[in-house]
Amino acid sequence: MREEMVERFISYVKVDTQSDESSETCPSTPGQLVLANQLVEELKSIGMEDVTIDENGYVMATLPANTTKDVPTIGFLAHVDTATDFTGKNVNPQIVENYDGNDIVLNEDQQIILSTKEFPELPQYKGHTLITTDGTTLLGADNKAGVAEIMTAMNYLIQHPEIKHGKIRVAFTPDEEIGRGPHRFDVKAFDATYAYTMDGGPLGELEYESFNAAAAKITTKGKNVHPGTAKGKMVNSAKIAMELNAQLPADEAPEHTEGYEGFYHLISISGDVEETKLAYIIRDHDREKFEDRKATMASIVDDLQKKYGQDKITLEMNDQYYNMRDKIEPVKHIVDLAYQAMENLGIKPIVKPIRGGTDGSQLSYMGLPTPNVFTGGENYHGRYEYISVDNMEKAVNVILEIAKLYEEKA
Ligand SMILES: [Zn+2]
């Protein structure tokens with residue numbers, strides 16, 4: 001199982017599937033379709049049924065039930081794209097067998113080192129087989145590890161019909177990293193009662209709470225006049241922008257918050273006297289506080305409009321996703337079952353709120369409650385990304401155990 005899983009994983013990371021926010025197509029980049037089609041072939045070759053790919057690049061497949069019990073259909077999902085933060089082209093994975101717990105030289109020439117000082121969790125992987133980058137790309141364990149784990153688990157179940165399970169659906173989806181993963185996901189066609197994204201990080205992660213999320217785009221307008229004769233005439237849009245930002249609570253920013261603390265995050269600002277554009281994201285786990293944050297932003301803009309003129313400042317604010325907890329809490333047993341699956345395997349579950357979103361945040365609101373399970377990876381989205389093969393194997397076992405438990409409990 002281990003060798004097969006590693007082989008699959010390596011073949012997936014070699015396909016460049018970086019998504020692209022500026023693209024209008026779905027999937028946003030052609031590489032994602034290349035991998036999606038490869039997955040279609042693999043799903044067919046291991047014996048999955050109803051293998052489909054739609055015009056948007058969403059891959060789905062079925063493992064039919066092998067029990068007469070009435071078991072709810074469960075789904076497992078992973079996304080094929082990689083982060084926009086760092087290149088995923090020409091990924092050249094390095095395998096470190098029986099890791100000794102010391103620094104790992106990722107790239108001798110460029111002296112890129114995965115150091116235990118910078119990454120203090122490293123030594124706990126002593127004795128594991130690790131897969132790292134060569135220091136020049138990301139790895140893409142986010143989320144190709146999830147894809148490899150699901151594929152390997154399905155093949156295992158097909159090879160081991162003595163393990164009884166209900167109907168299982170799997171899906172491999174595009175464009176998670178740009179927040180569009182679920183946008184064209186056909187929940188009806190998927191037809192599962194509950195699902196799990198295999199898209200978490202280190203061993204034991206189990207998540208069913210995410211942020212509520214909104215984006216705010218603000219444009220301020222000024223009036224440029226020669227500075228020598230500007231008195232009483234010039235309006236400086238950049239200064240209005242600074243005035244706006246100064247009214248937000250300074251300590252409610254990503255760099256000052258953790259756990260359940262929400263924030264306003266200025267992600268970009270650009271401008272001059274004439275025109276300045278600000279982009280914020282607003283995040284909070286608590287729905288009421290989230291609404292309050294949006295109201296605060298709106299009222300600051302309102303005050304500035306009163307001060308400088310209605311046309312001098314515009315606000316465009318949109319909700320992006322909501323905390324999946326509100327949709328998962330009523331079926332909390334699906335989290336408890338994953339928890340039990342981990343405990344049965346001797347894995348200590350780590351349940352904590354995600355300070356972000358997953359595809360599950362949107363899917364849960366589309367009628368498919370979808371918590372998130374670990375894949376085993378660390379340091380996602382950059383050159384220091386790596387994954388423990390041992391923990392990937394445990395993730396495969398969690399999938400198998402979840403399938404078993406649903407059957408046993410039916
Ligand atoms: Zn991911």
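Modeller: Let us begin with helix H5 (residues 237–246), which lies across E11, E12, strand E13 (275–284) and E14, where contact means heavy atoms within 4.5 Å. H5 runs at about 15 degrees to E13; axes are lines fitted to C-alpha atoms, for helices over the stretch in contact, and angles run from 0 to 180 degrees between N-to-C directions. Helix H6 (residues 287–308) packs on the sheet too, touching E11, E12, E13 and E14. The direction of H6 makes about 170 degrees with that of E14.

A word on the source: this is a predicted model, in which local features need pLDDT of at least 70, side-chain atom pairs count only at pLDDT 80 or more, and totals for chains, interfaces and linings use all residues. Residues are numbered from 1 along each chain as its sequence is written, and side-chain values use heavy atoms, with hydrogens and water left out.

Now the sheet itself. It is open, with four strands in the order E12-E13-E11-E14 and antiparallel pairing. Helices (H or I, at least four residues) and strands (E, at least two) are DSSP runs, numbered from the N terminus, and two strands pair if DSSP finds at least two bridges between them. Strand E12 (263–271) and strand E14 (313–321) stand at the edges with a single partner strand each, so one side of each has no neighbour in the sheet. On average, neighbouring strands are turned by 15 degrees against each other, direction ignored. Strand E11 (residues 212–221) runs antiparallel to E14, joined by eight bridges. Here threonine 219 stands opposite threonine 314 in E14.
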